[in-house]
Amino acid sequence: MKKIIRTAGPSISNLEIKYVNDAVKTGWNDKSYDYMRRFEKKFAEYVGVKYARVTSGGTGALWLSLAALGIGKGDEVIIPEITYFACSDVVKLLGATPVFVDVLPDTWCIDPKQIEKAITKKTKAIMPVYIYGNAIEADEIMKIAKKYKLFVVEDACPAVGTLYKKKHAGTFGDFGAFSFQGAKIMVAGFGGMIVTNNKKLFEKALYLNNHGEEPGKKFWQTSIGYSFEMSNISCALALAQLERIESFVAKKRKIFDWYKKRLGKVDGLSMNSERPNTRSTFWMSSIILNKNFGIKRDDICKKLLKEGIDTRPIFYPSSMFPMYKEQNTPISHHIALNGINLPSGLNLKEAEVDFICKKIKKILKVI
């Protein structure tokens with residue numbers, strides 16, 4: 001069977017194995033939270049916040065954040081069209097309404113001007129997304145949030161290591177949400193994190209995540225709650241990954257540079273953009289087809305797979321799904337329907353990128 005060059009894949013060293021083995025052997029009873037608390041402390045220090053708590057995943061982190069802010073029936077939450085559908089799911093599951101807006105043509109992140117146009121009397125929050133590790137326009141978004149007295153929950157799931165003006169992703173709004181799912185820049189098998197600088201909101205999130213049990217009164221519930229938990233063993237793996245995160249960011253950026261050198265000047269193709277004063281993790285190196293190459297995007301992906309090259313389509317515009325009314329978001333529609341995530345795993349070699357790019361050029365007939 002032909003070896004497949006996958007779109008994602010982690011880097012696992014002896015450090016991860018050491019920590020996980022230790023958690024398996026000793027992480028029980030009085031030590032059952034040791035790696036959880038160590039990971040939370042180190043993560044908070046790394047991103048630069050006061051409070052951090054592990055969750056079951058990025059979806060759980062987003063859900064818990066919105067719930068702690070009181071988002072519910074009758075409320076609207078503004079979301080970019082291009083994102084994973086977990087964002088709209090959690091809004092709907094809390095009884096609120098997701099309002100989809102267009103994105104910027106270069107970073108593919110939410111367009112602040114479109115946010116302001118979409119605000120109504122029902123708007124309660126903004127959920128900007130660091131799509132594929134690209135930085136949002138945090139200053140503009142926070143200015144709008146302050147002007148209209150809106151909450152901000154940052155979906156920074158793929159953005160551990162992303163910086164905006166030297167400040168870490170997920171630290172501008174009321175809450176930041178991160179994911180350590182197996183395809184992300186740092187992994188834990190599965191898991192997530194919420195972060196905040198607001199003690200009151202943090203305590204509300206902890207209370208809700210403990211099934212709404214009254215603090216100090218065991219098994220006495222005073223609110224319907226949740227249990228978005230992450231295991232101590234998973235946290236051991238995540239802690240080791242966090243200790244290596246800067247090397248991961250450097251490798252992701254190197255992979256992007258390899259692609260950029262080979263595909264960046266191809267007429268009709270564009271790639272992820274990094275604006276001044278930002279640092280993207282380039283979690284997924286991606287291309288957009290900006291002209292008619294005589295072959296459809298999905299057919300390109302099929303041909304690449306026959307060559308042993310795995311790819312993914314860029315996330316579809318959320319409003320296209322049957323449970324919503326499709327919006328007029330031309331930039332999002334163009335990017336989503338013509339975009340391809342290329343192999344971007346941490347163990348990818350330059351020779352493999354060279355092979356991938358040659359196959360892409362051959363398929364597009366631009367050699």
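**Helix packing and aromatic rings**

Mentor: Start with α2 and α8, which cross in a left-handed sense. Keep in mind that this is a predicted model.
Trainee: How close do the axes of α2 and α8 come, and at what angle do they cross?
Mentor: They come within 8 Å and cross at roughly 35 degrees. Helix α8 covers residues 232-242.
Trainee: Which residues meet there?
Mentor: From α2, D34, Y35, M36, R38, F39, K42, F43 and Y46. From α8, N232, C235, A236, A238, L239 and L242.
Trainee: And by class, what is in the contact of α2 with α8?
Mentor: Ten nonpolar residues, one polar and three charged.
Trainee: Switching to rings. How many aromatic pairs are there in the whole structure?
Mentor: A search finds 18. Take F43 and F180: their ring centres are 5.7 Å apart and the planes sit at 75 degrees, so that pair is edge-to-face.
Trainee: Where do F43 and F180 lie?
Mentor: F43 is in α2, residues 34-47. F180 is in the loop between β8 and β9, so the pair ties together parts 137 residues apart in sequence.
Trainee: Are F43 and F180 buried or exposed?
Mentor: Both are buried.
Trainee: Which residues make up the aromatic cluster?
Mentor: Y84, F85, W108, Y132, W283, F315 and F321 form one cluster.
Trainee: Last topic, charges over rings. What does R38 lie over?
Mentor: The face of Y19, at 5.6 Å from the ring centre. Likewise, the charged end of K217 sits over the ring of W220, 4.5 Å from its centre.

Definitions and conventions:
Residues are numbered from 1 along each chain as its sequence is written. This is a predicted model: local features need pLDDT of at least 70, side-chain atom pairs count only at pLDDT 80 or more; totals for chains, interfaces and linings use all residues. Side-chain values use heavy atoms; hydrogens and water are left out. Rings of Phe, Tyr and Trp (its six-membered ring) pair if their centres lie within 6.5 Å; planes under 30 degrees apart count as stacked, over 60 as edge-to-face and the rest as tilted. Helices (H or I, at least four residues) and strands (E, at least two) are DSSP runs, numbered from the N terminus. Buried means under 20% relative accessible area, exposed over 50%, partly exposed in between (1.4 Å probe, protein chains only). A charge sits over a ring if NZ of Lys or CZ of Arg is within 6 Å of the ring centre and within 35 degrees of the ring normal. Axes are lines fitted to C-alpha atoms, for helices over the stretch in contact, and angles run from 0 to 180 degrees between N-to-C directions. A crossing is left-handed if the near helix is turned anticlockwise from the far one by less than a right angle, and right-handed if clockwise. Contact means heavy atoms within 4.5 Å. Ala, Val, Leu, Ile, Met, Phe, Trp, Tyr, Cys and Pro count as nonpolar, Asp, Glu, Lys and Arg as charged, and the others, Gly among them, as polar.
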